[in-house]
Structure formats: C-alpha cells, structure tokens
Amino acid sequence: NEVLSFLSYHITVSNYYLAFFLPFMTFLDYRRFKLSAFLQLAVWVSIIGIVCFLFDIGNLLSTVLSKDEFPWQNYSGCFSSVSFCLFLLPFIKNKQKYFVVVAFGIITLLITVICARRGATLTIGIIFLFAACLYAKNISNKYILIYWLLIVGFILSGFIFYRQQSNALFRNMVQKGTYDSRENVARYFEKDMFNSTDIWFGRGLNGMYYCPQHEIVDGRYKYVKNRYAIETGFYHLILKGGIIFAVLHVLILLGAVINGLFLSRNMVVKAFSLWILLSLIELYPFGWPSFSIKFLLIWIGACICYDRIYLNMNNEQICQILRIQ
C-alpha cells in the first residue's frame, strides 16, 4: 500500500515528522530532566562504537582503494548523540572512564575524513574545540599555557599526518575537498522556492521542490523529479515551514545562546549554549532537525538557557539538580 509506505517512512525516519514534533517534548516538564542516564549511555555507546570499528576497519580501508560506500553515518550519528558529555567533562568526578568517548570521537573524525564527509568532519572538529575551551576553565593559570600548547601540538600532528597521507589514506578528501556537490541542487531549490509564495510559509512536512536527478540504486536506473529534502539545513527549514519558520527557529535558539553565554553564573548552562550554537553553525552544511538525543538536548538546553532559576545557579547547585557526577 503506497499510502501506508509513505506514512511509515516519514514517521520512522528520524529526519521527518518526528523531528519537527520533538521540541514539544519539553512541555513534559524539562525541569525533571536528569543527565545521569545520558552520561552512562555515552560510555557504553562509545565502547560499542570502538568495538564495531575494530571489526569494520578492513571495510573502511577498502573504501580508499575501491571507493565503496562505508556506513560513516552510523559512527557520526552515534558520536553526535553522546558527544555532549565532553562538554560536561570539567564537572564529572570520575573523568577517566569518559576518555573512551574522546577515543570514539577521534575514530569518528578519522572515518569522516577518509570518507570525505566535510560537514561531519567540521562538526566533530568544532565539538572538540568547544570541549577544549570549556575544559580550559578547569585548568589552573599555572598550567594553562602547557594545556593549550598540547592542544595546538595535537592539531599540528594531525595536520602533518593528513598531509603525509593525502595521496593514500585521505585521497578521497583531497579529491572532493574543493568540489561543490550541492551547487546544482541549491540552484534548483532557489529557482523553485524563491519564485513562489511558498517561500513565506513553506510547503509543509510533505513539501517537495523541483530538482530532477538520476542515479543507480541497487543496480537499477532511478529518475527523481521532485525531492522531499535539501542537504543545507536552513533551506530545509524554509522548505518545510518557510522563511518565517526558519527565522523563528534561529532567533529562538540564538536567544538561548546569548542568555547562556552572557547571563549565566555557571559553566553547565554555558555548555548547553555552546551545544545550541553548534546546531546553528550546522544549519549551513546540513544540520537537519532529527528525532534524536542530540536535538532533545538542544531543546532542553534552550529551555534551561531561558530559565532564570538555572541561570542564577552556581556550578555545584546545577550539577546536583541535573545529577552530573
């Protein structure tokens, strides 16, 4: 049944219907939200991810030679769901067990670079940068210079390794790094949407735009005339809800970022604001809303950043409330 297939696809795939209804989960009372279960989950997901990588490493290396597809989204999606715990690392007592999350992040970064996924690589890089800045607040002035020198040294070592392997392990990234694969899609989207009154209120959750494409799927030639989504996150919001919806989305989250960074008295709220800021940065390369832990943390974080009670707490108080230990 085509109707049932259509509905099941849009309901079960995390980027469609459920993604746009996820913010309403905050009405279940975000004040009851605790982070203890999430922190435990992050460790186990990272361990499972590392074990899967050990079994998958042969397939990953074969993508360099044969250009076969590798399920990089599985690793990237799992890490993005648990990486917020790196922002909370300064407030966690037993920090050692969370180094497995750092290791999983480095592995995921390696995978996205090998598979030439520029947007995912940028996101992971920003996650590590924001986490490093937050952790720097936990370093005494006596050792802060050494801390940043180690960070810079690690980045330079990674860059040198990348240059050395640019014609071997990372040749996919070198070949695709300057190629704009979305220019044609964006041109069709702008021509269709920007010349229509739908630009203001969008075309709904089932909305499509004209973009003829052809590809080979499972050995068969497939021709697509209209598309349900566009990779650029901000354009995707315009497609579904128009410029008014997209601008409101940005303004609400940007207000939360400003409140969290400049009006809060504790670092946990600042961590939430940086997590929200990351989602706004992602709206250019991709940044689709999704029904996921990542976006649940974004919207709960937005509620916390607008709540004066959380803004006025100190680090000890908010860690106790959110069970960060």
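Predicted model: local features only at pLDDT ≥ 70, side-chain atom pairs only at ≥ 80, totals over all residues.
Local features need pLDDT of at least 70 and side-chain atom pairs count only at pLDDT 80 or more, while totals for chains, interfaces and linings use all residues. Residues are numbered from 1 along each chain as its sequence is written, and side-chain values use heavy atoms, with hydrogens and water left out.

**Overall make-up**
- The chain has 16 helices and two strands, taken as DSSP runs numbered from the N terminus (helices H or I, at least four residues; strands E, at least two).
- Of its 325 residues, 45% count as buried, meaning under 20% relative accessible area with a 1.4 Å probe, protein chains only.

**The cavity**
- A cavity is a set of points on a 1 Å grid over the protein atoms alone where a 1.4 Å probe fits but cannot get out.

- A pocket is an open set with protein on both sides within 12 Å along at least five of seven lines.
- The second largest pocket holds about 1200 Å³ of space; of its 28 lining residues, Ile106, Leu109, Phe128, Phe154 and Ile155 are the closest to its centre.
- Helices H6 (99–114), H7 (118–136) and H8 (144–164) each supply at least two lining residues, and H8 gives the most, with 10.

Conventions. Buried < 20%, exposed > 50% of the residue type's maximum accessible area, 1.4 Å probe, protein only. 1 Å grid on protein atoms, 1.4 Å probe; cavity = no way out; pocket = protein on both sides within 12 Å on 5 of 7 lines; lining within 4 Å. Points joined across faces, edges and corners; volume = space filled by probe spheres on them.
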